[in-house]
Amino acid sequence: MDSTKTTEGKKKGPTILDVLNANLKPCYDAILDHLETQDMFRLFATCKTIHDIYYCVFNVDPHLRPFFDDHTLAFRQAMADHNLIVGGSVALKFFSRDKWPTKDLDVYTSSRSSLRETSKIFTNAGFKFEPFPWQSRTVDSSLTSVDSARVRANMRANMDAADGRIQQAFSYGTYTAPQIRDVYRFNNEKKNLHIDMILTNGPELLAIIEGYYATYIMNFFTYNRAYNLFPYHTILQKEGFQTYSDLSEKRMNAMLKYLNRGYKITNYGKFHECKLQCPIRPHRRVGDTFTWTVDLGIDGIRFPKNPMQVENCTFGVKGHRSYKMWNNRRGFSAIPCLRINTHTLEHKKLEYPLLVDNRVSPGSWKNFLETMLAKMFAQEEHMTEFEELADPYLQGEAIINGRQQYFDKDVAAYYKFWYQYIMPRETLWSGQYPMLQ
Ligand SMILES: [Zn+2]
């Protein structure tokens, strides 16, 4: 008897490897739908073949397709070309694999021209611009007058508080937050879906990190990566910590909506006990070991010319005040809301304003980065003509007349150095953070 026959003879039915195959979506969906996220990861960890379906399970396209149909790839290309960020419930659902229906897509940009370009894709996908009362009929004219229109509308809203529509429009989500300049709504009546294009003041991520009211919604994706900033609490515990103490009616409603979807607001509490896995640390970076980061498939997407380096963004998180007790030991008292702090650094050598953690001075990341940027800038100013001729052709567009135009790409290397050698070690912070004790 030859050996192949023996194997065939033994193989009676399909094995788990056959069922959990990347090409058999209905099969693995049926199984994974019954697994909690942590169990799914245990299953993925068992074997490489099973792990291959990870990229099929964590795919943004099925989340975007209800909005864009055949224009999904065009939208993702726009995300790449214009550094767009998607946040809100679509981003949470991507990680949680929850099944509740989504009616809105939140897209963030700080650039008017990007907004203008992207709105064309919305139109192609059957969406219509639906101006708020302070906006003009078209996207173009609303964008031209965005600042003056907002001032006027603010005045009008104050004068005429009885006008329910203006009031309602102004309490739009986080619209009243200082990080947001204006919101452009695109509606698809047939599908009963809308897209909110949020024009930010300063970095897009600031509107998410500082503008969102609770940690469970601090999830977002770019054209090639998805980030969940508080995965332990958001996904495994299905809980969030409030970051705003005063909640508008709109935020209260949003909170209720998420409560109905199974996400509760938890009190951070005096003795926040989860230790090692807890993403609430003094210093955080987007994409650090406490972030759940997922690489997205980029088949068919052209690499962007000027990608924004979101993983250079850092912030600080604080949930306690600490004080010295009578016996010289540390006491802690929780503050009512988590405090997430970051600083927007603008520099003529940075193409995009950068969010930098500014706490713990001296030795803060902000101090260090500013010093390095100043040094690089000074060095370039003193370059001789001979040095300018060094290698302008080798580095293409990045070098203008022998000078490097922007240093955004170098920031990661400086950060690595700061993190390794200069950052106050977490043990030094333990006096302020009970989970580090
Ligand atoms: Zn925790």
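Modeller: A residue counts as buried when its relative accessible area is under 20%, as exposed when over 50%, and as partly exposed in between. The model above is predicted.

Colleague: Is asparagine 83 buried or exposed?

Modeller: Asparagine 83 has a relative accessible area of 10%, so the residue is buried. The loop between helix 8 (72-82) and strand 1 (85-87) is where asparagine 83 sits.

Colleague: How should I read backbone angles, and what is the phi of asparagine 83?

Modeller: The general idea is that most residues other than glycine have a negative phi. Asparagine 83 is not a glycine, yet its phi is positive, at about 55°.

Colleague: Where is lysine 238 found, and what is its phi?

Modeller: Lysine 238 is in the loop between helix 15 (231-236) and strand 8 (239-240). This residue, also not a glycine, has a positive phi of about 50°. Its relative accessibility is 26%, and therefore lysine 238 is classed as partly exposed.

Colleague: Let us turn to a strand residue. In which strand does threonine 109 lie, and is threonine 109 buried or exposed?

Modeller: Threonine 109 belongs to strand 2 (residues 104-109). Its relative accessible area is 0%, so threonine 109 is buried.

Colleague: Which residues does threonine 109 touch, and what does its side chain reach?

Modeller: Leaving out residues up to four places away in sequence, threonine 109 touches His82, Leu84, Ser114, Leu115, Met197, Ile198, Leu199, Thr200 and Glu204. Its side chain also reaches the backbone nitrogen of serine 111, at 3.1 Å.

Colleague: Next, strand pairing. How many bridges join strand 12 to strand 13?

Modeller: Two strands count as paired if there are at least two bridges between them. Strand 12 (residues 314-324) and strand 13 (residues 330-341) run antiparallel and are joined by eight bridges. As one example, histidine 320 has alanine 334 in strand 13 as its bridge partner.

Colleague: What do strand 12 and strand 13 form, and which residue in the turn has a positive phi?

Modeller: They form a hairpin, with five residues between the two strands. In the turn, asparagine 328 has a positive phi of about 75°.

Colleague: How does the lining of the largest cavity divide?

Modeller: Its residues are 10 nonpolar, two polar and two charged.

How values were computed: Residues are numbered from 1 along each chain as its sequence is written. This is a predicted model: local features need pLDDT of at least 70, side-chain atom pairs count only at pLDDT 80 or more; totals for chains, interfaces and linings use all residues. Side-chain values use heavy atoms; hydrogens and water are left out. Ala, Val, Leu, Ile, Met, Phe, Trp, Tyr, Cys and Pro count as nonpolar, Asp, Glu, Lys and Arg as charged, and the others, Gly among them, as polar. Helices (H or I, at least four residues) and strands (E, at least two) are DSSP runs, numbered from the N terminus. Buried means under 20% relative accessible area, exposed over 50%, partly exposed in between (1.4 Å probe, protein chains only). A polar contact is a pair of N or O atoms within 3.5 Å; within protein, one must be able to donate a hydrogen and the other to accept it, and residues adjacent in sequence count only if both atoms are side-chain atoms. Contact means heavy atoms within 4.5 Å.
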